[in-house]
Structures are given as C-alpha cells and as structure tokens.
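Let's take a walk through a protein model together. Keep the picture open as you read and find each place as we get to it.

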Amino acid sequence: MSVDWTRDEIILACDLVQRNGWKGMNPSHQDIRELSRLLKASPLHPVQDRDDKFRNPNGVARKTWDIATQHPDYPKKRTKGNRLDREVLEDFRMDPQGMRAAAREIRIAIERQEVPTLFWLEPEGDDEEGAVEGRLLLARHRRRERDPGLRRKKIEAHQKNGQATVCEVCSFDFGTTYGSRGKDYIEVHHVLPLHVSGETRTKLGDLAMLCANCHRMIHRGRQWLTPAELKDLIERIRAGLPEAAMEESTGPQLV
C-alpha cells in the first residue's frame, strides 16, 4: 500500500537534493539508505498503514528525482512530482538556510523519538498541516507551549509588573468574561519557531500571552504571524483598511 509523503518527509528528501546540487540520487547512495532508515523510524505514519516497501531506498531515491526534476533549471523531462514537492522545493530556493535548519530539527525529533508516536491522531486542520516546518516540529512547538511551568512564570512576571493577564493582541480578559473560572487564565505562544530558536532555554521574553482565538490565528497557515502583525491586521480590518499590507511579513517566520 502506497503512503503519501508528508511535508516533513519531503523536507528531508529535498535537503538531500539541495546538498547534492539539485540532482536526484540513486538507491545505493549512503545518504539515501540513511534517510530510508530514518523515515522508517519516524512517527509520521501509523504502523498498520505501512507495507514491506515503505520508504525503502528505491522509493526514497525516486522521491529525490521527483523533487529534482521540478527545479526550474532541470533541462530534461520532469518526473511525476506533486504540489507538495514543488512547494517544498520553492521553500528551499527562497530560504535555503531556514529550510536546512528545519530539516536538521526534524532529524533530531525523529532520532530522539521526542514526539509521541500517536501524536498524528490529534485533530489537525488543513491549515496547520501546511505549516512550512511540517507536523513534527509543530507538535514539538505545541508541547513547549503547553508547559504549565512556563505559563505560570510568564503570568507571574506580568503581574509583578502590574500588568493584567489579558491577550497581548486583542486584550481579551478571561476573568472579565468567565469570572473566577477564567481568572488568570491565558495561553502562551513561543514567538520563535523551533528551527529558529533551536534547543535553547526558553526566556520569558520569547513568550507572548494570547487568547485561544488569537493563538489559533497566529498558527493558521504556512506562514505564522507575530503577535504585533496579528494586532495590526485586526486594527486594519476594524478601520476598514485592506489586508494586503500583511502579505509581506517582517517578523519571525517558519521559513
């Protein structure tokens, strides 16, 4: 049974192609065999969906050619690549350093088995599936954001400065709306994506306090907005101004 390639897997394959001068590779190549081993160890697909040919060297090598032949400088006939192959290829062409960093972090996530093997059973929207970093790093990013200790420290630091526990984007106050049930409740968001920040110790300045709606909107789509960008977007909409200005984001991105 053929299993579709995820963005995470294509990022790893495209990383090989890019490092190989945008050329496909043969099944016997050491890097292909190593990537085959890595993909078989990943939690991206349930075991019951895999057969004995799952991500074998032949299939991995074929994927590198599917990616390589989509490159605009490829002189011959293209193989049967898909939309995701072209998207990831373009991401690498636009931001090679950022995408190589994403590939490195994906490898680390798989090697360390840090992401629960059943995380793919969590409800996922199409918008989040499309995040440039891929699902593995998005899952790790979420896990960091759910750290109750970091959330508590962020709230305490805010309160020590005499600041209310409200959304930094829209100023929503859970306590005002839900009374004692919502008092001091807020979600925290890591402003920097994992491949940008790396495995550094999280500083409180790296966190933003957001309501659930604004947090969801920041994560929506392939390119994340910063809290400041989302706040600007809301203000523009309220003022009846066009949203076009948000197309060129200036803050930390996934690429």
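**A walk from helix to helix**

Start by finding glutamine 18, which sits in helix H1 (residues 7-19). Before going further, know that you're looking at a predicted model, where local features need pLDDT of at least 70 and side-chain atom pairs count only at pLDDT 80 or more, while totals for chains, interfaces and linings use all residues. Residues are numbered from 1 along each chain as its sequence is written, and side-chain values use heavy atoms, with hydrogens and water left out.

Is glutamine 18 buried or exposed? Its relative accessibility is 18%, so glutamine 18 counts as buried (buried means under 20% relative accessible area, exposed over 50%, and partly exposed in between, using a 1.4 Å probe and protein chains only). Leave aside its neighbours within four places in sequence, and glutamine 18 is in contact with Phe92, Pro96 and Arg100. Contact here means heavy atoms within 4.5 Å.

Now zoom out. The protein chain has twelve helices and two strands. These are DSSP runs numbered from the N terminus: helices are H or I with at least four residues, and strands are E with at least two. Read from the N terminus, the order is α-α-α-α-α-α-α-α-α-β-α-β-α-α. The chain has 255 residues, and 47% of them count as buried. Take the contacts between residues at least 6 apart in sequence: 68% of these join residues at least 24 apart. The accessible surface comes to about 14,000 Å², with 49% of that belonging to carbon and sulfur atoms. Accessible areas come from the Shrake-Rupley method with a 1.4 Å probe, and for residues only the protein chains shown count as cover.

Back to H1, and to its partner, helix H3 (residues 57-68). These two pack at an angle of about 75°, with their axes 9 Å apart. (Axes are lines fitted to C-alpha atoms, for helices over the stretch in contact, and angles run from 0 to 180 degrees between N-to-C directions.) H1 and H3 are therefore roughly perpendicular to each other. The naming goes like this: angles under 35 degrees are roughly parallel, over 145 roughly antiparallel, 65 to 115 roughly perpendicular, and the rest oblique. On the H1 side you'll find Ile10, Ala13, Cys14 and Val17, which meet Lys63, Thr64, Ile67 and Ala68 in H3. Sorted by class, the residues of this contact are six nonpolar, one polar and one charged. For these classes, Ala, Val, Leu, Ile, Met, Phe, Trp, Tyr, Cys and Pro count as nonpolar, Asp, Glu, Lys and Arg as charged, and the others, Gly among them, as polar.

Threonine 6 lies in the segment before H1, and at 17% relative accessibility it counts as buried. Threonine 6 touches Leu44, His45 and Leu84, not counting residues up to four places away in sequence. Aspartate 85 is 79 residues from threonine 6 along the chain, yet their C-alpha atoms are separated by 9.7 Å.

Next come helix H4 (residues 83-94) and helix H5 (residues 96-112). Their axes come within 5 Å and cross at roughly 120°, which makes H4 oblique to H5. Asp91, Phe92, Arg93 and Met94 in H4 meet Pro96, Met99 and Arg100 in H5. This contact has four nonpolar, no polar and three charged residues.

How do helix H7 (residues 135-145) and helix H11 (residues 212-219) cross? Their axes come within 13 Å and cross at roughly 155°, which makes H7 roughly antiparallel to H11. Leu138, His141, Arg142 and Glu145 in H7 meet His215, Arg216 and His219 in H11. By class, that gives one nonpolar, three polar and three charged residues.

Finally, check two loops. Most residues other than glycine have a negative phi. Tryptophan 22, in the loop between H1 and helix H2 (30-41), has a positive phi of about 60° although it is not a glycine. Tryptophan 22 is partly exposed, with a relative accessible area of 22%. Aspartate 184, in the loop between helix H9 (174-178) and strand S1 (187-190), also has a positive phi, near 65°. At 31% relative accessibility, aspartate 184 counts as partly exposed.
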